[in-house]
Amino acid sequence: MTETAPKIRLRDVHKRFGPKAVLNGVDLDIAAGESVVVIGGSGSGKSVLIKCIQGILRPESGSITVDGEEVVGMGGRQIERVNAKIGMLFQSAALFDSLPVWENVAFGALQAKGMDRKAAFDLAVETLSKVGLNADVAELWPAELSGGMQKRVGLARAVATEPEIIFFDEPTTGLDPIMADVINDLIVTCVKRLGATAVTITHDMASVRKIADRVAMLYQGKLIWVGPIADIDKSGNPYVEQFINGRADGPITMDLRR
Amino acid sequence: MNFLALIGGVFLGFLGAVGRLARFAAIAVSHMVRPPFYPRQVLRQFLDIGYFSLPVVGLTALFAGMVLALQSYSGFSRFQAEGAVAMVVVLSITRELGPVFAGLMVAGRIGASMAAEIGTMRVTEQVDALTTLSTNPFKYLVAPRLLAGLLMMPLLVLVADILGVFGGYVIGVGKLGFNSGSYLANTWDVLETLDVVSGLVKAGVFGFLIALMGCYNGYHSKGGAQGVGMATTNAVVSASILILISNYIVTEIFFAR
C-alpha cells in the first residue's frame, strides 16, 4: 500500500514568546484537499501555528513542510514562492485600507503575478460575485464596508489567485449567526470549487461542524486530540468534550481572580 | 553595584537598539536596489513627501528668511555691518536653516504619518497579509518610502533655499531699505556651489533618516492604538534628534578645516 505525502506536515514544532511556550511539540499531517479545523481556547497558539506554516513566524525547532519543502529557515524569496500557493482570510479581514476593494481582491494577481490592471479589475469583479458581492462594491473603500462584507472581500482576496492551500483565521468571529453561516457556506463552496487544502482556526463550533473533515484540538501547546468531525461528539477526551459543550467546569481551567 | 548594572543594562540596550536599526536599514536598502519594484508606491511617496510637504516647508523657509534678515540687521547695525545681511541670510539658509527646518517639518509631517500608517497596518495584520500575498513588506512599504525621502528632500530644500533667500530679500528691500540690485548682487557674490551642495546632501541624509525612523517604528509597533501612538511619537523624536546629530557630522565633513 502506498501512502500519499501530506500537503502540509508539522513535526515537533516548538515556538515560544519569552518564557511562554506557545507551541510545545506539535505534530500534524494535512492531506491534499482535506479541510482541517484547529480548535482551542483564546491564546492557545492557533494563529501562531498558521503563521509558522506561512513563514511569518519562525519556530525555534521542529520541521514544517509544504509539498515536501521545508519552510523553517527558508529565505524571503523562497517563502514568497511557497506563499504563492497559499491564500489567507484573516480574523480582522486585514484589508489594505489605502486601496479600493477591487485592488484588495486582485492584489496577489497585480503585484505577485504582474497581471495588467484591466484584467485584474475583471478578475476582482468576478471573484466578488462568487462571494455574493456585486460589481458596485469593487470601487468602494474597505472602511465603507460592514464587518460581514469585509469578511467576504477578505475571502475573495484569499481565493482570487486560486491557491492550493487556504487558511481561515477565525472566519466568523464578530459576525451575527446568519452572516456567520453565510461565511461558512462560502468557505465550503470556495474550498470545494478549488479543490484546495484548508486549515481553519476557530472557536465557533457551528463553523467546525460545517467546514471540517478533521478536527485538531490545541491545548497548552500540544495537539491533544485529532480526529474526523464525525467522531468529535464521541471523542472520549474530557478536554474536547468540555470545549465543544462550552462548559466552565472541566479539566480546562481559566485563571480567574474571584 | 546595582547602579553599575543599571548603567551597563542601559548601554547594552542602546547597542541592541542601534544594531536592530542598522540591520533594518541594511535590509531595506538592499530591497531598494533589487527587483521587483513598485512604481505606484514610489510615485505615491514622491507626491506625499515632495509635493504635499511643499506648503509647510515653503512657509517655514520664507518666514525663516524674513526673521533672519530682521535679526541680523538689528544685530549687525550695532557694529555698522548692516551690509552683511544678504550674506548672512543666504549662507544661513542654504547651509543650515533650509535643510534643518525642512527636515524637522518633514519629520513632523511625514515621519509621523509613515509610522502611523505602517503601525496601523502592523497591528491590523495588513503587514502579515502582504507576506501571505507573496509581497515582501520591505519592498512594498519600506523601500519606496526610503527612496522618496532620499530623493525628494533635496528638491524640497532647493525650493526652501529659494524661498528663504526671497524672504530675506523682501524684508531687506521692502522694510530695511536695501537697494534691490545690490542686495541680489551681494547674495550672488557670496554664494558658492559648496554652500548649496552641502545643504542638499544634508537634505538627502535627513530625508533618509526621517523615512527610516518612520518605517522602523511603525514596522515594530505593538498592541493597538497606544502602540501606534508610541511608534508615531518615537518616529518624530528619534528622527529630529538624528537630524540634529547628522547635521553636525555632515557640516564637519564639508566645512571643518
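Me: Is A:Asp12 buried, partly exposed or exposed, and why?
Reply: In this predicted model, A:Asp12 counts as partly exposed because 13 other C-beta atoms lie within 10 Å, whereas the label exposed would need 12 or fewer.

Me: Where does A:Asp12 sit in chain A?
Reply: A:Asp12 belongs to strand 1 of chain A, which covers residues 8-17, and its phi is near 50°, a positive value in a residue other than glycine. Most residues other than glycine have a negative phi.

Me: What about phi of A:Ala94?
Reply: For A:Ala94 phi is near 50° as well, again positive in a residue that is not glycine. A:Ala94 lies in the loop between strand 6 (86-89) and helix 3 (101-105) of chain A.

Me: Buried or exposed, that A:Ala94, and why?
Reply: A:Ala94 is buried, because it has 24 C-beta neighbours inside 10 Å and the cut-off for buried is 20 or more.

Me: Switching to chain B, which peptide bond is cis?
Reply: The bond from B:Pro35 to B:Pro36 is cis, with omega near 0°, and B:Pro36 is placed in the loop between helix 1 (2-32) and helix 2 (39-51) of chain B.

Me: Last one, what does A:Ile229 touch?
Reply: Leaving aside residues up to four places away in sequence, A:Ile229 touches A:Arg209, A:Ala212, A:Asp213, A:Arg214 and A:Val215. The C-alpha atoms of A:Ile229 and A:Ala212 are 6.2 Å apart, although the two residues are 17 apart in sequence.

Notes:
Residues are numbered from 1 along each chain as its sequence is written. Chains are lettered from A and ligands numbered from 1 in the order in which they are written. This is a predicted model: local features need pLDDT of at least 70, side-chain atom pairs count only at pLDDT 80 or more; totals for chains, interfaces and linings use all residues. Helices (H or I, at least four residues) and strands (E, at least two) are DSSP runs, numbered from the N terminus. Two residues are in contact if their C-beta atoms, placed from the backbone, lie within 7 Å.
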